[in-house]
Amino acid sequence: MLDLLFYIFATLSVVGALGVIVNKNPVTSAFSLIAAFIGLAALFIQLDAYLVGIIQILVYGGAVMVLFLFIIMLMDLPSEERRKFGWGPVAGGILLGCVFVVQLVRVLADYSAGSRVMQDLPVGAASDVEQIGKLMFTQYYFPVQVVGVLLLVATIGVVVLSKKELD
Amino acid sequence: MEVTLNHFLFVSGLLFAIGLAGVLVRRNVIVIFMCLELMLSAANLSLVAFSRYNVTPGGDADYNAQVFLFFIITVAAAEVAVGLAIIVALYRAKQTTDITQINSMKN
Amino acid sequence: MESQNLPWIILLLPLFCAASILLFTRRSGNISALIATGCSLISLLLGVALLRLPDGVHVAAFPWLNMGSNVVVEIGFQIDQLSRGMMLVVTAIGAAVHVFSLAYMKDDDGKARYFAGLSFFMFSMTGIVFANNFVMMFVFWELVGFSSYVLIGHWFEKDSAADAAKKAFLTNRIGDFGFMIGILLVWGLTKSIYFTAIATAVVDEQILNGVSNGLLMAMVLCVFCGAIGKSAQLPLHVWLPDAMEGPTPVSALIHAATMVAAGVYMLARIAFLIPMSAGAGEVIAWIGAITALMAALMALQQNDIKRILAYSTLSQLGYMVMAVGINAADAAMFHLFTHAFFKALLFLGSGAVIYACHHEQDIWKMGGLAKKMPITFVTFVIGTAALMGLPFVTSGFFSKEAILGAALHGHKALFVVAAFIVLLTAFYMTRLIVVVFLGEDRSEKAKKAKEVPVLMWVPLVLLAVPSVIAGYEFFYKGMALSPAFPHHEGPASIGLIVISAVLLIFGIGMAFWGYKGETSEPMAGNRLARVFGNKFYVDEAYTWLIKIFQDGLAGVANFVDKVVVDGLVARLPAAGALRLGDAMRRLQSGNLQSYGFLFALGAVLVIYLVVFK
C-alpha cells in the first residue's frame with residue numbers, strides 16, 4: 001500500500017516538474033509546480049517527516065507559489081514566450097539533464113547502502129515536531145537567530161528593490 | 001517492489017535534473033526561477049530520505065537533517081522574495097522577462 | 001692590522017673608492033681625483049707590504065656561489081710569487097698613472113667618471129691577480145673588460161673613441177667566449193676550478209692521463225683564447241691600437257702595463273697545463289711570435305706616437321706569449337714585470353709630449369722637443385733603451401735575454417724570429433726618438449711646447465728608476481720575487497748577448513741614418529712600407545669578412561624573419577589567437593542561459609571526474 005502511494009506521489013511530482021518546463025504559459029507552469037510540490041510533500045510525509053511535509057505545502061505550495069502567481073499576473077506576459085523557439089538551449093538543457101540522470105543511475109547502482117528498506121520508528125518515540133523543536137531551540141538556537149536576521153534583511157532588501165526610483 | 005532509499009534518491013535526482021533542464025531550456029525568468037525552486041526542493045527530498053533511513057542508535061530518525069531542511073526552506077523563501085523583487089525591478093527597467101533579452105553583461 | 005686581511009683590503013679599497021666617487025663626489029672632479037689618487041698610493045704601500053706575506057698564506061675566502069655540496073665558487077686569494085709580483089706591478093703603475101692623471105686630466109669634464117673608472121679598473125685587475133679559481137678570474141676578467149670599455153670610451157663624444165671602445169669590448173668578447181669554453185673544459189676534465197687543486201690533480205695525480213690529446217689541446221687552446229683576446233694576440237689584436245683613443249694615462253695603465261698583460265699572467269698561472277697537450281705550446285708560441293713580428297713591422301710605419309707604442313706593446317706581448325708557449329712562463333713573467341715599468345713610462349712620456357703639444361699625436365708635427373722638455377726626453381730615452389734591451393744597463397735587457405735564451409734552447413726558428421724583432425724594435429723606437437725629440441720643430445704646436453708640470457714628470461722619473469733596475473737581481477731578490485724569475489747569465493749566453501747587441505746597434509744605426517734630419521716619412525712611397533703602415537690590411541680584411549658574413553647572415557635572417565618569424569611564429573599564433581578570441585567572445589555572449597549551461601556542464605564534468613574516474 002505504502003509502496004503504491006510512493007509511486008503515485010513520485011509520479012505526481014515528476015509529472016508536475018515536467019509540466020513546469022513544458023508549459024508555455026507561466027501560469028500553467030506555476031500550477032504544475034504546485035502539483036509537484038504537493039507530491040513532494042506527500043513523499044516527505046511518507047518518510048515520517050510530517051512537519052517538513054506540512055511546511056513544504058504551507059511555505060512552497062502556499063506562500064511562495066502565491067507570490068509567483070502574483071508577480072506573473074502583475075506583469076501580464078503569458079504571450080512573451082511564444083515569440084520564438086531556440087533549439088540550441090533546448091537541446092543543451094535536455095542533453096545535460098539526461099547526462100545527469102545517467103550519472104545518477106550509475107551512482108545509485110553502486111550505492112549498496114541505498115537498497116535498505118525503511119525500518120519502523122521505535123514505539124513511543126517523541127514526535128518529529130517535538131524533536132525538531134527541541135533541536136532548533138537548543139542546539140541550533142544561534143542559526144535560528146541568524147536565519148531570523150536573514151529574513152529581516154531580505155524583507156528590507158525587497159522593499160528597497162521594489163521602490164519605484166531604482167537608479 | 002519494496003521502497004528503498006534509492007527510490008527516493010532517484011526521484012530526488014530526477015526532479016533535480018528536470019529543474020536543471022528547465023533552467024537551461026526556458027527563457028522566461030520567472031519560470032527559470034520556479035525551476036530553481038524545484039531543484040532546491042528536490043535536494044530537500046534526498047535530505048529527508050537520508051534522515052529517515054540513517055537512523056540514530058536508538059532507532060529514531062536523524063532529525064538534525066530535518067532542522068537543516070527547515071533552514072533551507074526559510075532561506076529559499078527569503079531568496080524567492082528577493083529574487084522576485086529583482087525580477088520586478090528588471091522588468092521595470094527592460095520591459096521584458098525574456099532572459100535572452102537581458103544581456104547587459106555583454107560589453 | 002692582521003696581515004691575512006691585507007689582500008682583502010687591497011681588493012676592496014679601489015672598489016670602495018670607485019663607489020664613493022660615483023655615489024658622493026661625482027659633482028666634484030677634484031675631490032674625486034684626490035680620493036682616487038690617495039687610494040692608489042695606499043694601494044701601492046699595501047702592495048709593497050704584501051711582498052712580506054708568505055706563500056700560500058691562508059686568506060679567509062668568501063664563498064660566493066654555492067652550487068651543491070662539492071662545488072663552491074669562492075672569492076678567494078692565491079698568494080704566491082706570481083700574484084705578489086703582479087700586484088706590485090699593478091699597484092705601482094696604478095699609483096704613477098693616478099698621479100700623472102691629476103695633471104693630464106686637469107681640465108677634463110668627466111674627471112670624476114675617469115677616476116672612478118680607474119679605481120674600478122684597479123679593483124678588477126686586483127681580482128684577476130688574486131683569483132684562486134677560474135670562475136672568479138673570469139668574473140674579474142669581464143670586469144676588467146668593462147672598465148677598459150669605459151675608459152677607452154671616456155671621450156665618447158668623439159665617434160672614434162666610442163667606436164674603439166665598442167671594438168675593444170666586442171673583440172674581447174670573442175676571446176672570452178673561448179676562454180669560458182676552456183674553463184668549462186678544464187672544470188670538466190679536472191673536476192676543479194681551483195688552480196692549486198687543478199695543479200695537484202694534473203701534476204701529482206696525473207688525472208689527465210688517458211684523455212685524448214685532441215681534447216687536451218682544445219682545452220689549452222680555448223683557455224688561451226682568453227689570452228688572445230685580452231693580450232691582443234693575432235688574430236684579435238685589432239682592438240689594441242684603436243684603444244689608444246682613450247686618455248693616454250689609461251693607455252699606459254691598461255693597454256700597456258697591466259690589463260693586456262693579464263692574458264700572459266693567466267697563462268703563467270696555468271702554465272702547468274700547457275705541456276699536458278702535445279702541440280698546444282707550439283701553437284701558442286707561434287701565435288705569439290707571429291704577433292710579435294707583425295706588430296713590430298706595423299710599428300715601423302705608424303705616424304701616431306701612441307700607435308707606435310701600441311704596436312710595440314703588441315709586439316712585446318707576443319714575446320711573452322711566445323715564451324709561455326715554449327714553457328718559459330717564468331721568463332714571460334719576468335718580461336711582463338720589467339715591460340710593465342718601461343712601457344708605462346713610455347706611454348706616460350708620450351702623454352707628456354702630447355700634453356705639451358696640445359693634443360697633437362702625429363710625430364711628423366713634432367720634432368726638436370729634446371731641448372724644450374729635457375726631463376721627458378731623458379726618461380723617454382731610458383724607457384726606449386729598456387724596451388730595446390740595451391745590454392747590462394736596462395731591465396728590458398735581462399728579461400729579453402731570458403726569453404731569447406729560452407727560445408734558443410727550445411726552438412731555433414722562434415729564436416730567429418725573436419732576434420729579428422730585436423732589430424725591428426731598435427729601429428722603430430730610434431725612429432720615434434729621432435723624429436719626435438731631435439731635429440727642428442715642424443709645427444706651431446711643437447714650437448710652443450714646454451716642459452710638463454711637476455705632477456707629470458715626477459711619475460716619469462719614478463718609473464724610470466725601476467725601468468733601469470727592475471732587471472737586476474738585487475731588485476727582484478729584494479722584493480722576494482726571485483724564484484719566479486729565471487736565473488740567467490750563464491756563460492752560454494755570452495754569444496746571445498753579442499748577437500742581440502749587434503742587431504741592436506744595427507737597428508739603431510739604420511734608423512739614425514734613415515731619419516736624421518728628415519721632415520716627412522722618407523719611405524712613404526715604398527709599397528712594402530705602405531703595407532706596414534696599413535697594418536697589413538687586417539682591419540680591412542676583417543671589415544670585408546664581416547661584411548660578407550653579415551650580408552649572408554642578413555640574408556638568412558631576412559628569410560627567417562619573413563618566413564619563419566613573420567609567417568610561422570607571428571602570423572600563425574596571431575591568427576590562432578584571433579580565432580580563439582573570436583570563439584571566446586562568442587562564449588561571452590552575455591546570455592545568462594549559456595553561462596548556466598556552461599556552469600551545469602562544469603558540474604557534470606566535476607561529477608564525472610570525481611565519481612567515475
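Here are some questions and answers on how the labels for this predicted model follow from its computed values.

Q: Why is Phe121(C) called buried?
A: Buried means under 20% relative accessible area. Phe121(C) comes in at 0%, so it counts as buried.

Q: Where does Phe121(C) sit?
A: Look in helix α4 of chain C.

Q: Which residues is Phe121(C) in contact with, leaving aside its neighbours within four places in sequence?
A: Contact means heavy atoms within 4.5 Å. Phe121(C) has such contacts with Val144(C), Ser147(C), Leu151(C), Leu253(C), Ile254(C), Thr258(C) and Met259(C). Take Val144(C): 23 residues separate it from Phe121(C) in sequence, and their C-alpha atoms are 5.9 Å apart in space.

Q: What makes α2(C) roughly parallel to α4(C)?
A: Angles under 35 degrees count as roughly parallel. Helix α2 (residues 29–50) of chain C and helix α4 (residues 111–130) of chain C pack at about 20°, and their axes are 7 Å apart. That angle is why α2(C) is called roughly parallel to α4(C).

Q: Is the crossing of α2(C) and α4(C) left-handed or right-handed?
A: The crossing of α2(C) and α4(C) is left-handed.

Q: Which residues make the contact between α2(C) and α4(C)?
A: From α2(C) you get Gly29(C), Asn30(C), Ser32(C), Ala33(C), Ala36(C), Thr37(C) and Leu50(C). From α4(C) come Lys111(C), Ala112(C), Phe115(C), Ser119(C) and Phe130(C). Sorted by class, the contact of α2(C) with α4(C) has six nonpolar, five polar and one charged residues.

Q: How do you know that α16(C) is roughly parallel to α17(C)?
A: Use the cut-off again: under 35 degrees counts as roughly parallel. The axes of helix α16 (residues 374–388) of chain C and helix α17 (residues 395–410) of chain C come within 6 Å and cross at roughly 15°. So α16(C) is roughly parallel to α17(C).

Q: What hand does the crossing of α16(C) and α17(C) have, and which residues make the contact?
A: The crossing of α16(C) and α17(C) is right-handed. Ala386(C), Leu387(C) and Met388(C) of α16(C) meet Ser395(C), Gly396(C), Phe397(C) and Lys400(C) of α17(C). By class, this contact of α16(C) with α17(C) has four nonpolar, two polar and one charged residues.

Q: Which residues touch the most other members of the largest nonpolar core?
A: In that core of 198 residues, the answer is Ile93(C) and Phe134(C). Helix α14 (residues 329–356) of chain C gives the most to this core, with 19 residues.

Q: What does Phe134(C) touch, not counting residues up to four places away in sequence?
A: Phe134(C) touches Phe179(C), Ile183(C), Val186(C), Ile193(C), Phe195(C), Ile198(C), Val223(C) and Ile270(C). There's also a second, separate core of 69 residues, with Leu33(A), Phe68(A), Leu15(B) and Ala42(B) among them.

Q: Why is Asp48(A) called buried?
A: The cut-off is under 20% relative accessible area. Asp48(A) has 19%, so it makes the list. Asp48(A) lies in the loop between α2 (26–46) and α3 (50–75) of chain A. Its phi is near 65°, a positive value in a residue other than glycine.

Q: How do you know that Ala232(C) is buried?
A: Compare its value with the cut-off, under 20%. Ala232(C) has a relative accessible area of 0%, so it is buried. Find Ala232(C) in the loop between α8 (213–230) and α9 (239–242) of chain C. Though Ala232(C) isn't a glycine, it has a positive phi of about 55°.

Q: How many helices and strands are there in chain A, and how many in chain B?
A: Chain A has six helices and zero strands, and chain B has three helices and zero strands.

Q: What percentage of the residues in chain A and in chain B is buried?
A: Buried residues are 38% of the 167 in chain A. In chain B, 64% of the 107 residues count as buried.

Q: What percentage of the contacts in chain A with a separation of 6 or more is between residues 24 or more positions apart?
A: For chain A that's 63%. In chain B, 59% of the contacts between residues at least 6 apart in sequence join residues at least 24 apart.

Conventions: Residues numbered from 1 in each chain as written. Chains lettered and ligands numbered in written order. Predicted model: local features only at pLDDT ≥ 70, side-chain atom pairs only at ≥ 80, totals over all residues. Heavy atoms only, no water. Axes fitted to C-alpha atoms, helices over the stretch in contact; angles between N-to-C directions. Helix = DSSP H or I, 4+ residues; strand = E, 2+ residues; numbered from the N terminus. Parallel < 35°, antiparallel > 145°, perpendicular 65-115°, else oblique. Left-handed = near helix turned anticlockwise from the far one by under 90°. Nonpolar A, V, L, I, M, F, W, Y, C, P; charged D, E, K, R; others polar. Core = buried A, V, L, I, M, F, W, Y, C linked by side-chain atoms within 4.5 Å. Buried < 20%, exposed > 50% of the residue type's maximum accessible area, 1.4 Å probe, protein only.
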